[in-house]
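Biologist: I have not looked at this structure before. Could you take me through how its features are read?

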Amino acid sequence: MDRDRSAFPPLLISSADLVQAGIALDPRVLHDRAAQMWRDFGAGLSIGKKSVLLPPEAELWASASYATLRDQFGEERLGWKLSALSAIGPRLASVKIVGANAANRHFGLARSFSTILLLDKFTMRPICLLEGTDISAARTATYATLAAESVLAERKTINVFLFGGGPIARSIGLALGAVLGVCLEKLWVRTRSRQTAEAFARSLQPSVAQVVPVTDNTKLTQADLIITASNAKSPVFAAHEVASDSVVLHLAGDETPAEHLTHVMQNGTLVCDDLAMVSARNSQSLALYFSRRGSTLEAEGQALGVRDFAGHVVGRAPGRGPTHITCVGLPSLDLYVAEYIYETYVAASSLRTSMHDFPGNSAATHE
């Protein structure tokens, strides 16, 4: 029986293709796309699921190529994993595959690699395969810009403290500068060392003039929004180092101290992008807070009044007191951003073809 091959090959779009087509990952556009996704997600128009496989680290350290690197990960998460994020929206569906390993930098490689497959929603026919690493970092940055806008609902300017110096942290810095503009008063950045913090700050300039590299947490009490996007194995700040009404956006692993979470539970607001997904993943401070006590975030979340990110941020309904926002990364975000990139690329390609075929075009005239 002959197999229908009409679905193959799908359109292939690399990061280099986007550059050549003049398509940039504009943080302002992606911010708006993310806001639309959250509205759709809240209305049940988009659904998603995330799964993660974690190989045993002992297998890696037993390899001759990696054995000598083990001591360098005392305070840093290895993050060796394979993730699959599936989503279905109003028109398209997607699957993002992510392979990650922090040890990659010792071999001159990026920490993670993402590939996004777009499919027609109804036939599930593959229509586009995108190089997704840059797209993935840019979509994560929308959490920061939406959270910052929510904070600005009650303030005219905002001071942000960012932990982390990798690609996601850089996307966050650029996005905050582009979306907030003059409303961003200061962006303090702390990385593993003074040298990397200063290099990170330089990488954001001149796009983000407000960035200031720091080597300690003394500015935390002045921060309206604290963002954790590091690869640390343990909390990056102490509970007494932050203002009592601060907003913490938690994007990585176990970076928030239990004492701070207790303070927020008693006096403020807990927020998750997807409570069940954060609980099941059990890799971030909020979920670990409960699992270490023999319970789960999902079991206790309703009684604690955990709010969803869509209502809290896009709905512009900030809570009272301190706020802690935990985000595991919704698959639907990848879908909406990838869909925008795909449609923009196809439109740009059609325009170039039309210009090429236009009688007055020099290239067409020479043929």
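Modeller: Start with a loop: Met 124 lies between β5 (112–120) and β6 (126–131). Helices (H or I, at least four residues) and strands (E, at least two) are DSSP runs, numbered from the N terminus. This is a predicted model, in which local features need pLDDT of at least 70 and side-chain atom pairs count only at pLDDT 80 or more, while totals for chains, interfaces and linings use all residues. Residues are numbered from 1 along each chain as its sequence is written, and side-chain values use heavy atoms, with hydrogens and water left out.

Biologist: What is the phi of Met 124?

Modeller: Met 124 is not a glycine, yet its phi is positive, about 60°. Its relative accessible area is 38%, which makes Met 124 partly exposed. Buried means under 20% relative accessible area, exposed over 50%, and partly exposed in between, using a 1.4 Å probe and protein chains only.

Biologist: Which loop is the place of Asn 282?

Modeller: Asn 282 is in the loop between α8 (275–281) and α9 (285–291). Asn 282 also has a positive phi, near 50°, in a residue other than glycine. With a relative accessible area of 32%, Asn 282 is partly exposed.

Biologist: Where is the peptide bond that is cis?

Modeller: The cis bond runs from Gln 205 to Pro 206, and its omega is near 5°. Pro 206 belongs to the loop between α6 and β9 (211–213).

Biologist: Now the sheets. In what order do the strands of the open sheet of six strands come?

Modeller: Two strands pair if DSSP finds at least two bridges between them. Here the order is β1-β6-β5-β4-β3-β2, and the pairing is mixed. At the edges are β1 (11–13) and β2 (47–53), each of which pairs on one side only. Between neighbouring strands of this sheet the average turn is 15°, direction ignored. Axes are lines fitted to C-alpha atoms, for helices over the stretch in contact, and angles run from 0 to 180 degrees between N-to-C directions.

Biologist: In which sense do β4 and β5 pair?

Modeller: Strand β4 (residues 92–100) pairs with β5 in the antiparallel sense, over nine bridges.

Biologist: At what angle do α2 and α4 pack?

Modeller: Helix α2 (residues 27–42) and helix α4 (residues 133–152) pack at about 80°, and their axes are 9 Å apart. Angles under 35 degrees count as roughly parallel, over 145 as roughly antiparallel, 65 to 115 as roughly perpendicular and the rest as oblique. The helices α2 and α4 are therefore roughly perpendicular to each other. On the α2 side the contact is made by Leu 30, His 31, Ala 34, Ala 35 and Trp 38, and on the α4 side by Ala 138, Thr 142, Tyr 143, Thr 145, Leu 146 and Glu 149. Sorted by class, this contact of α2 with α4 has seven nonpolar, three polar and one charged residues. Ala, Val, Leu, Ile, Met, Phe, Trp, Tyr, Cys and Pro count as nonpolar, Asp, Glu, Lys and Arg as charged, and the others, Gly among them, as polar.

Biologist: How do α5 and α6 pack?

Modeller: Helix α5 (residues 167–180) meets helix α6 (residues 194–204) at an angle of about 45°, with axes 10 Å apart. That makes α5 and α6 oblique to each other. From α5, the contact takes in Ala 169, Arg 170, Gly 173 and Leu 174, and from α6, Phe 200, Ser 203 and Leu 204. By class there are four nonpolar, two polar and one charged residues in the contact of α5 with α6.

Biologist: One more feature. Are the faces of strand β11 covered or open?

Modeller: In a regular strand the side chains alternate between the two faces of the sheet. In β11 (residues 247–250), Val 247 and Leu 249 lie on one side and Val 248 and His 250 on the other, and all are buried, so both faces are covered. In β14, Thr 323 and Ile 325 point one way and His 324 and Thr 326 the other way, and all are buried.

Biologist: Which strands does β11 pair with?

Modeller: Strand β10 (residues 225–228) runs parallel to β11 and is joined to it by four bridges, with Leu 225 opposite Val 247. Strand β14 (residues 323–326) also pairs with β11 in the parallel sense over four bridges, and there Val 247 stands opposite Thr 323. Strand β12 (residues 269–272) pairs with β14 in the parallel sense, again over four bridges. Thr 326 in β14 is the bridge partner of His 250 and of Cys 272.

Methods. Contact = heavy atoms within 4.5 Å.
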